[in-house]
Amino acid sequence: GNLPPPVLTFYRPSTNPLSSSHAALVCLARQMSIGFAEVSWLVNGSPVTEGTWTSTAVQHPDKTFQLSSYLSLPGCDSEDRSYTCKVTVGSSSFEKTTRMSECSNTLE
């Protein structure tokens with residue numbers, strides 16, 4: 001059936017659980033109707049598998065689920081890149097893209 005789309009938001013955490021020396025970008029998926037999702041990352045449209053980690057889903061009192069996926073950013077590069085978080089829930093995929101440079105903590 002048609003599942004309602006999760007709400008996807010990006011943020012920059014102060015610490016990276018994968019690496020103390022690298023920054024990270026987090027994709028937060030909220031309002032998921034089921035507690036399992038597959039998260040994949042694309043940088044400038046190309047899939048990235050290394051340096052990613054996805055948490056297990058947490059259920060909220062309203063019966064929706066949320067999970068976070070982390071992408072390590074390898075270094076400081078002033079070039080703007082596009083980062084896409086693709087969340088697959090059941091047979092449906094949802095994605096959100098942000099643009100930023102790895103040096104800056106601001107998201108566009």
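How many bridges join strand β5 (residues 52–54) to β7? Three, and the two strands run antiparallel. Strands here are DSSP runs of E, at least two residues long, numbered from the N terminus. Two strands pair if DSSP finds at least two bridges between them.

This is a predicted model, where local features need pLDDT of at least 70, side-chain atom pairs count only at pLDDT 80 or more, and totals for chains, interfaces and linings use all residues. Residues are numbered from 1 along each chain as its sequence is written, and side-chain values use heavy atoms, without hydrogens and water.

**Stop one: β7.** Select residues 65–73.

**Stop two: the neighbours of β7.** Next, select β6 (residues 58–59), which runs antiparallel to β7 with two bridges. Val58 stands opposite Gln66 there. Five residues lie between β6 and β7 in their hairpin, and Lys63 takes a positive phi near 75 degrees. Now go to β2, joined to β7 by eight bridges, again antiparallel. Find Leu28 opposite Ser68.

**Stop three: the disulfide.** Show Cys27 and Cys85, joined by a disulfide with S to S 2.0 Å; the cut-off is sulfur atoms within 2.5 Å. Cys27 sits in β2 (residues 23–32) and Cys85 in β8 (residues 80–89), 58 residues apart. The S-S torsion is about -80 degrees, so this disulfide is left-handed. Both Cys27 and Cys85 are buried. A search of the whole structure finds one disulfide.

Note on methods: Helices (H or I, at least four residues) and strands (E, at least two) are DSSP runs, numbered from the N terminus. Buried means under 20% relative accessible area, exposed over 50%, partly exposed in between (1.4 Å probe, protein chains only).
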